[in-house]
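Here is a briefing on one protein model. It covers the fold, the pockets, the nonpolar cores and a few backbone features.

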Amino acid sequence: MYGLGYGFSFNYLIYFIILMIIPLYAQYKVKGTYSRYKKIKNNSGMTGKEVAELILKANGIENIKIVKGDVELSDHYNPKDNVVVLSPVVYSQSTIASVAIAAHEIGHVIQDKIADYKPMRIRHSLVPLANLGGNLSVVLIMVGMMLTYFMSLGIGISLAWAGVFLMFFAVLFQIVTLPVEIDASNRALNQIKDLNIVNEQEKRHCKKVLTAAAFTYLAAAVVALMELVRFILIIINMSNNRD
């Protein structure tokens, strides 16, 4: 039997439990922190939309549209269309969470329009390969493993390695995303303090919101890397058993 993918073992069960717990805990953390701070008003009385507009103006950035999204926690910056989408609560309410999240998204705009932040450029360039890897890699790996395991066809190993190659780009995208998100949060915290949008205590609360959000990206990167390593070990094991 091939290890790390076939048969049953206690260690394998523990692996999958860990694989499930990491993202679940990350989602629990971010939703819990967001739920808490979306109920606490900020002293400036500024909505997320107003915060975003003020930071843009202070940095001399024009032609960026701030629009209201439809889904909670769907906030993002679209550099292709020069649009920042803020979820309904963030867009229209004057809470701690609104300030933190809106400022974070404008942090991405600053990365893009002013700082020429290299990790962000790398992440954008990886999008096509990451999407291809995310959609096709597991299919190639599973087909390759089945051809090898059930039919002993040499092409199976080649297909599996091709899947791993594509998966690598999806994992690399997740890894590169980490510094991009952390940097955007640091820029956000500096902006809201320098522009007197928050006081020192509110800045600490905003940092908690952004740290919880960053943990979801860390969790995604860890899980993706663990899966990549698992498949590599499976294929190596299968190759050795064929020799």
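By class, 16 nonpolar, ten polar and four charged residues make up the lining of the largest pocket. In this scheme Ala, Val, Leu, Ile, Met, Phe, Trp, Tyr, Cys and Pro are nonpolar, Asp, Glu, Lys and Arg are charged, and the others, Gly among them, are polar. The model is predicted: local features need pLDDT of at least 70, side-chain atom pairs count only at pLDDT 80 or more, and totals for chains, interfaces and linings use all residues. Numbering starts from 1 along each chain as its sequence is written, and side-chain values use heavy atoms, with hydrogens and water left out.

**Largest pocket**

- The largest pocket has a volume of about 630 Å³.
- A pocket here is an open set of points on a 1 Å grid over the protein atoms alone, where a 1.4 Å probe fits, with protein on both sides within 12 Å along at least five of seven lines.
- Grid points are joined across faces, edges and corners, and the volume is the space filled by probe spheres set on the points.
- The lining has 30 residues, and D75, E105, E181, A213 and Y217 lie nearest the centre of the pocket.
- Lining residues are those with an atom within 4 Å of a point.
- At least two lining residues come from each of α1 (10-37), β2 (76-78), α4 (96-115), α5 (118-151), α6 (154-194) and α7 (200-242).
- α7 supplies the largest share of this lining, eight residues.

**Second largest pocket**

- The second largest pocket holds about 160 Å³ of space.
- Its lining has 13 residues, with M167, A170, V171, Q174 and A224 nearest the centre.
- α5, α6 and α7 each supply at least two residues of this lining.
- α6 gives the most, with five residues.
- The class count for this second lining is ten nonpolar, two polar and one charged.

**Overall fold**

- The protein has seven helices and three strands.
- Helices (H or I, at least four residues) and strands (E, at least two) are DSSP runs, numbered from the N terminus.
- From the N terminus on, the order is α-α-β-β-β-α-α-α-α-α.
- The C-alpha trace spans about 70 × 35 × 25 Å along its principal axes.
- Of the 243 residues, 44% are buried.
- Buried means under 20% relative accessible area, exposed over 50%, and partly exposed in between (1.4 Å probe, protein chains only).
- Among contacts with a separation of 6 or more, 73% join residues 24 or more positions apart.
- Contact means heavy atoms within 4.5 Å.

**Nonpolar cores**

- The largest nonpolar core has 37 residues, and V51, I66, I106 and I192 have the most contacts inside it.
- α1, α2 (48-58), β3 (83-86), α3 (88-92), α4, α6 and α7 each supply at least two residues of this core.
- α4 gives the most to this core, with ten residues.
- A core is a set of buried Ala, Val, Leu, Ile, Met, Phe, Trp, Tyr and Cys residues joined through side-chain atoms within 4.5 Å.
- Not counting residues up to four places away in sequence, V51 touches M46, V99, A102, A103, I192 and I197.
- A second, separate core of 13 residues includes M145, I157, F231 and I234.
- In soluble globular proteins, nonpolar side chains tend to be buried together.

**Helix α4**

- α4 is mostly covered, with 17 of its 20 residues buried.
- A kink of about 25° in α4 is centred on V109.
- The bend at a residue is the angle between axes fitted to the seven residues ending there and the seven starting there.
- D116 follows α4 and has a positive phi, near 50°.

**Loops and positive phi**

- Most residues other than glycine have a negative phi.
- N63 is not a glycine, yet has a positive phi of about 65°.
- N63 sits in the loop between α2 and β1 (65-68), and is exposed, with a relative accessible area of 69%.
- N196 also is not a glycine, and its phi is positive, near 60°.
- N196 lies in the loop between α6 and α7, and counts as exposed at 64% relative accessibility.
- D81 is in the loop between β2 and β3, and counts as partly exposed at 48% relative accessibility.
- The C-alpha atoms of D81 and N63 are separated by 9.9 Å, with the two residues 18 apart along the chain.
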